[in-house]
Structures are given as structure tokens and as C-alpha cells.
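Me: I've got a structure open and want a quick walk through it. Can we start with the terms?

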Amino acid sequence: LIRLKGPMPSYTYELPEQGRLLSLIRENLNKVGKEWKEIADFMLQGHVEYKPLRVNPMRSGSQFVYQRAKVNLTLYFPERIFEHLLNWLDSEKLELFKAVVQSSLPRRSGYDIHEFKILGIIDGVH
């Protein structure tokens, strides 16, 4: 029997439940700095949509190579919050925000953000 030291890596490709991800983003934004507090407070009013990109299945006879999967991630916010984000986020802040969202995805999820979007939802329309 061979014993491996340290935690075994998980290759399960599991994304966190959206409420959990929004909470993690909020926590991590609060760590970035005071100027992010208002944006952090908006996170719990958001909605997350994941669209995982297909990972090429293993071909028979080929050696398994673990690859991190890609996911397209969209955050939706009520229109008033979206408008505020649009006015507040410049390209530098948007890159930092995306990095915070990526760091909020647990490493063991196996996913890296491929495409990141923030969209507004018109309030009161069903």
C-alpha cells in the first residue's frame, strides 16, 4: 500500500451553489479594501449563471492528463445595481473583480473562468 502525503486532489468539476459563491465573493471583496464594501454588499442581491464548457473526453488509448475545465460565468443584478456597477467599474476594477470571482471558486472545483459577464435584470418584469 502506498501512502501519499497531503490532501488528494479532487477532479470532480463541482461548482458551488450560487448563494455560496455570492457569499464567498462578498467576503473576498471586503478583504480587497474599503472602496469595495458597497459592491460587496450588492453581491447577495445577485444571481449566478454557470455555463461549463465541455472538456474533451478521453480518447481510448490516450494517457489521462488532468486539465482544469473552463466555465462561462454571468452575474445578474437588479437594473439599479447593474447601472451603479457600470458607472463604478472601470477596466482595471473589472479585472480585479473578475480575479476575486475566480479566487472565490474553490480550487477543487476544477474550473477556471473563461468568459465573465455582468448583466442587469429589469425589475418587475416576469
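Reply: Contact here means heavy atoms within 4.5 Å. With that cut-off, and leaving aside neighbours within four places in sequence, Ser104 is in contact with Leu21, Leu24, Ile25 and Asn28. Bear in mind that this is a predicted model.

Me: How confident is the predictor, on average?
Reply: The protein averages a pLDDT of 85. At least 70 is the score for 77% of the residues.

Me: Where does pLDDT stay under 50?
Reply: Over residues 6–11. For that stretch the model has 3 contacts beyond four places in sequence. Where pLDDT is low, the predicted coordinates should not be read in detail.

Me: OK. What's the secondary structure?
Reply: There are 4 helices and 3 strands. Along the sequence the pattern reads α-α-β-β-α-α-β.

Me: How much of the protein is buried, and how far apart in sequence are the contacting residues?
Reply: Of the 126 residues, 31% count as buried. Take the contacts with a separation of 6 or more: 74% of them are between residues 24 or more positions apart.

Me: Which residues have the most contacts inside the largest nonpolar core?
Reply: Leu29, Leu75 and Phe97. That core has 24 residues. At least two residues each come from H1, helix H2 (37–42), S2, helix H3 (79–88), H4 and S3. H1 gives the most, with 4 residues.

Me: What does Leu29 touch?
Reply: Setting aside residues within four places in sequence, Leu29 is in contact with Trp36, Ile39, Ala40, Met43, Phe97 and Val100.

Me: Phe97 and Val100 again. Which residues of H4 are buried?
Reply: Phe97, Val100, Val101 and Ser104. They cover an arc of only 100 degrees around the axis, so they sit on the same side of H4.

Me: Why would residues with that kind of spacing line up?
Reply: An α-helix has 3.6 residues a turn, so residues three or four places apart point the same way.

Me: What's on the other side of H4?
Reply: Exposed residues there are Ser91, Glu92, Glu95 and Ser103.

Me: And what covers the buried ones in H4?
Reply: The cover includes helix H1 (18–32), strand S2 (69–78) and strand S3 (111–121).

Me: What happens at the start of H4?
Reply: A side-chain oxygen of Asp90 reaches to within 3.1 Å of the backbone nitrogen of Glu92.

Me: Back to Ser104. Why call a serine buried?
Reply: Because its relative accessible area is 3%, and buried means under 20%.

Me: What does its side chain pair with?
Reply: The side chain of Ser104 makes a polar contact with the side chain of Asn28, at 2.8 Å.

Me: Where is Asn28, and is it buried or exposed?
Reply: Asn28 is in helix H1. Asn28 is buried, with a relative accessible area of 17%. Not counting residues up to four places away in sequence, Asn28 touches Val100, Ser103 and Ser104.

Me: What about the side chain of Ser103?
Reply: A polar atom of that side chain lies 2.9 Å from the backbone oxygen of Val100. The C-alpha atoms of Ser103 and Ile113 are separated by 9.9 Å.

Me: Last one: Lys117. Where is it, and what is it in contact with?
Reply: Lys117 is in strand S3. At 38% relative accessibility, Lys117 counts as partly exposed. Beyond four places in sequence, Lys117 is in contact with Leu73, Thr74 and Leu75. A polar contact of 3.5 Å joins the side chains of Lys117 and Glu115.

Definitions and conventions
Residues are numbered from 1 along each chain as its sequence is written. This is a predicted model: local features need pLDDT of at least 70, side-chain atom pairs count only at pLDDT 80 or more; totals for chains, interfaces and linings use all residues. Side-chain values use heavy atoms; hydrogens and water are left out. Buried means under 20% relative accessible area, exposed over 50%, partly exposed in between (1.4 Å probe, protein chains only). The arc is that of the directions from the helix axis to the C-beta atoms. A polar contact is a pair of N or O atoms within 3.5 Å; within protein, one must be able to donate a hydrogen and the other to accept it, and residues adjacent in sequence count only if both atoms are side-chain atoms. pLDDT is the predictor's confidence in each residue, from 0 to 100. A nonpolar core is a set of buried Ala, Val, Leu, Ile, Met, Phe, Trp, Tyr and Cys residues joined through side-chain atoms within 4.5 Å.
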